[in-house]
Amino acid sequence: MKIIVTKDYNDMSRKAANIISAQIITKPNCVLGLATGSTPVGTYAQLVEWYKKGDLDFSQVSTVNLDEYRGLDHSNDQSYYYFMMNNLFKHVNIDLSRTNVPDGTNPDPVKACEEYEEIVKSYGGADLQLLGLGHNGHIGFNEPADEFPNFTHCVDLTESTIKANARFFEKIEDVPTQAYTMGIGTIMRAKRILLIASGADKAEAVKKALQGPVMPQMPASILQLHPDVTVVLDEAAASLL
Ligand code: F6R
């Protein structure tokens, strides 16, 4: 595991975007695993800037996103599809038919998740999977549990995740209580992983994930067992290492 400590959020975003750019330049038809949330916003903004300067070409890139809220459709401004569209897809020359986000509108959770796992598999998994980190150590929406889920599945979001995500909604009751998420196995099958985290509020989760015991109660700790992980942190998030 390579750990890169950067000055601040902007520096973290630029370094993460550099790693993603290198992936696209060295393999133009790569499969990028993507994340939503606040952490990658600056990374996507940097990629868009480089695209606009002519330094990046997304025309052959495919993407698979980690997760989606159950029940939200593409036009809902809190859906992860909407987030991806607005933060990245609509600003670059990506072929939308090659972008994939779990289908939150499929009311059958088993079918929705099986179909998504098949899609990820049909691409041969992600070449590079970008991950943010939850305060409770979740990756994707794999919350602390008694086992590591292997495949894409439907999860009940924990109280702490609902509270953390409430900032994006008008009121807490509007936050969906379930999501479809890649499993830990789906994530671990990515060839390379790029984990990013910023801010002092993530420092404890970072320490437990990177230096604590590997256990499903701290889902991100499994990354210690992946052969090719790069972690980009700002100083605040790295402060307890
Ligand atoms: C988002 C995702 C989540 C977030 C995590 C951190 O697709 O899968 O695991 O990466 O909740 O969120 P932020 O970046 O908002 O702190």
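# Briefing on a predicted single-chain model

Tyrosine 123 touches Val31, Ser62, Val64, Ser97, Arg98 and Asn100, once residues up to four places away in sequence are set aside. The structure described here is a predicted model, and its chain has seven helices and 10 strands. The radius of gyration is 16 Å, close to the 18 Å that the globule rule gives for 241 residues, so the chain is as compact as a globular protein of that length.

**Surroundings of tyrosine 123**

- Tyrosine 123 sits in the loop between α4 (109-122) and β6 (128-131), where it is partly exposed, with a relative accessible area of 26%.
- Valine 31, one of the residues that tyrosine 123 touches, lies 92 residues away along the chain, yet the two C-alpha atoms are separated by 7.2 Å.

**The chain as a whole**

- Taken along the principal axes, the box filled by the C-alpha atoms of the chain is roughly 45 × 40 × 35 Å, and 54% of the 241 residues are buried.
- Of the contacts between residues at least 6 apart in sequence, 80% join residues that are at least 24 apart.
- The accessible surface comes to about 10,600 Å², and carbon and sulfur atoms account for 52% of that area.
- The chain carries 21 positive and 30 negative side chains, with the centres of the two sets lying 6 Å apart.

- In helix α3, which spans residues 80-87, the residues Tyr80, Tyr81, Phe83 and Met84 are buried. Viewed down the axis of α3, its buried residues fall within an arc of 160°, so they line one face of the helix.
- As background to this pattern, an α-helix has 3.6 residues a turn, so residues three or four places apart point the same way.
- The partners against which the buried residues of α3 pack are β2 (31-34), α2 (41-52), β3 (62-65), β4 (67-69) and α5 (159-165).
- Threonine 36 belongs to the loop between β2 and α2. Is this threonine 36 buried or exposed? With a relative accessible area of 12%, which is under the 20% cut-off, threonine 36 counts as buried.
- Leaving out residues up to four places away in sequence, threonine 36 touches Tyr80, Phe83 and Met84, and also Asn65 and Asp67; Tyr80, Phe83 and Met84 are among the buried residues of α3.

**Helix α7**

- Helix α7 covers residues 203-211, and within this helix Ala203, Ala205, Val206, Ala209 and Leu210 are buried. These residues cover an arc of only 160° around the axis, which puts them on the same side of α7.

**Other loop positions**

- Glycine 54 is found in the loop between α2 and β3, and with a relative accessible area of 58% this glycine 54 is exposed. From glycine 54 to alanine 145 the C-alpha to C-alpha distance is 44 Å, and the two residues are 91 apart in sequence.
- Asparagine 29 is placed in the loop between α1 (9-26) and β2, where it is partly exposed, with a relative accessible area of 44%. Between asparagine 29 and phenylalanine 89, which are 60 residues apart in sequence, the C-alpha to C-alpha distance is 16 Å.

Definitions and conventions: Residues are numbered from 1 along each chain as its sequence is written. This is a predicted model: local features need pLDDT of at least 70, side-chain atom pairs count only at pLDDT 80 or more; totals for chains, interfaces and linings use all residues. Side-chain values use heavy atoms; hydrogens and water are left out. Helices (H or I, at least four residues) and strands (E, at least two) are DSSP runs, numbered from the N terminus. The radius of gyration is taken over C-alpha atoms; the globule rule is 2.2 Å times the number of residues to the power 0.38. Buried means under 20% relative accessible area, exposed over 50%, partly exposed in between (1.4 Å probe, protein chains only). Contact means heavy atoms within 4.5 Å. Accessible areas come from the Shrake-Rupley method with a 1.4 Å probe; for residues, only the protein chains shown count as cover. Lys and Arg count as positive and Asp and Glu as negative; His and the chain ends are not counted. The place of a charge is taken as NZ of Lys, CZ of Arg, CG of Asp or CD of Glu. The arc is that of the directions from the helix axis to the C-beta atoms.
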